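Subject: Handing over a structure

Dear colleague,

I am passing on to you the structure that I have been looking at, and below it I have written out what I found. Please keep it open beside you while you read.

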Amino acid sequence: NSFNGLLYPTIYDKKSSFLTLGNNAFNYKEPFKLYNNILYKGVSSINSGNFSFSFVVPKDIAYNYGFGKISLYGNNENTDATGNASNILVGGTSSNIVADSKGPEIELFVDDFSFVSGGLSDNTPLLLARISDENGINTSGSGIGRDLLITIDKGAVNEKSYVVNSFYKANLNSYTTGEIKYQLENLGDGKHTYTLKAWDVYNNSSEVTVDFIVSNGENFEIKNVLNYPNPFSTNTLFLFDHNRAGQNLSIVITVYTISGKVIKSIDQFIPSANGHVAEISWNGRDDYDDKPSKGVYIYKLSVKTDDGQVAEKIEKLVILN
């Protein structure tokens, strides 16, 4: 009764039949059975030893009746807990299925959840996704062609695809929302596309694509430098992308008049910076807290990494009265 922590349930369809490989002349292909198709995998709260979770059974089950399995793992700061039950009847179909013809909602990111399409990454981008559907995401792997599928550079000669069912993680106490995190390695420099196709448990699909640019991991680069709003009167936000997500950055923004006179310097240190930086603001006043004259100004963004690499970019902004 004193146990408080997290529960990780995995619900399996009935056992599937397989054969060993029989991969030399003296071996027979031996039959065996295995719990292979996952109906639901999630995470729920355990409060005072009690827990509950719910989910919608996917359309992609084996419709014959038989026994599936519930496998449970729980933990808190001090204790692990396990349990299972193999007498859960799975099969058939409900007589009161709710109509659903809409595919999942998908948001795609690279390296961190601040990413915007067209941003920078290095040669080992972390592909991220947030997925939601009112009835849940299909990760069973039992329906042909209905896997969670990541495709890099779809339609190009170097297209590569990855089945990521096992990388989907449901959000806490929810069967309708979850995330995917999938690490790539040795991706070539240049522009790429990241496409994710997802299915819900009613076999409706959605597909979303974003662009990103891989820049050689040895060279620090910044891209998409801008301030917003621009023009502005009382406040603006400086934004940029870079290919050192997760590293500490030292940032200096210097604002000049057209004739080259410095009116404002902004220094900011950002630990473990997101790949898309959007937290540097300016109230439009100079170093003496005076309001500059309206007009066009120049600003230089200088960004330095922990290992001493520096990238700079010069842009314009407009101040209104």
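Before the strands are described, one term is needed: two strands pair if DSSP finds at least two bridges between them, and the strands themselves (E, at least two residues), like helices (H or I, at least four residues), are DSSP runs numbered from the N terminus. This is a predicted model, in which local features need pLDDT of at least 70 and side-chain atom pairs count only at pLDDT 80 or more, while totals for chains, interfaces and linings use all residues. Residues are numbered from 1 along each chain as its sequence is written, and side-chain values use heavy atoms, with hydrogens and water left out.

Strand 14 and its partners

Strand 13 and strand 14 pair in the antiparallel sense over 3 bridges, and within this pairing Y168 has I180 of strand 14 as its bridge partner. The hairpin made by these two strands has 6 residues between them, and there N173 takes a positive phi near 55°. Strand 14 is also joined to strand 10 (residues 126-132) by 7 bridges, and these two strands run antiparallel; S132 stands opposite T177 of strand 14.

In a regular strand the side chains alternate between the two faces of the sheet.

Strand 22 (residues 295-305) pairs with strand 23 (residues 310-319) in the antiparallel sense over 10 bridges, and G295 stands opposite I319 of strand 23. This hairpin has 4 residues between its strands, and G308 takes a positive phi near 90°.

Aromatic rings

Rings of Phe, Tyr and Trp (its six-membered ring) pair if their centres lie within 6.5 Å, and a pair is stacked if the planes are under 30 degrees apart, edge-to-face if they are over 60, and tilted for the rest. By this rule the count comes to 10 aromatic pairs. One of them is stacked, that of Y8 and Y73, because the ring centres are 6.0 Å apart and the planes stand at 25°. This pair links distant parts of the chain, as Y8 is in strand 1 (residues 5-12) and Y73 is in strand 6 (residues 66-75), 65 residues apart. Y8 counts as partly exposed at 28% relative accessibility, and Y73 is partly exposed with a relative accessible area of 30%.

F167 and Y182 form an edge-to-face pair, with 4.8 Å from centre to centre and 85° between the planes. F167 lies in the loop between strand 12 (160-163) and strand 13 (168-170), while Y182 lies in strand 14 (residues 177-183), so this pair ties together parts that are 15 residues apart in sequence. At 37% relative accessibility F167 counts as partly exposed, whereas Y182, at 15%, counts as buried. Elsewhere, ring pairs link Y40, F53 and F55 into a cluster.

Charges

A salt bridge is a side-chain nitrogen of Lys or Arg within 4 Å of a carboxyl oxygen of Asp or Glu, and by this rule the count comes to 6 salt bridges. Among them is the one in which the side chains of D13 and K14 meet (2.9 Å, N to O), and both D13 and K14 are buried. In another, K102 and E105 have their closest N and O atoms 3.1 Å apart; K102 counts as exposed at 53% relative accessibility, and E105 is partly exposed, with a relative accessible area of 43%.

E207 forms a salt bridge with K154, the closest N and O atoms being 2.9 Å apart. This pair links distant parts of the chain, for E207 is in strand 16 (residues 205-214) and K154 is in the loop between strand 11 (149-152) and strand 12, 53 residues apart. Both count as partly exposed, E207 at 41% relative accessibility and K154 at 45%.

With kind regards

Conventions:
Buried means under 20% relative accessible area, exposed over 50%, partly exposed in between (1.4 Å probe, protein chains only).
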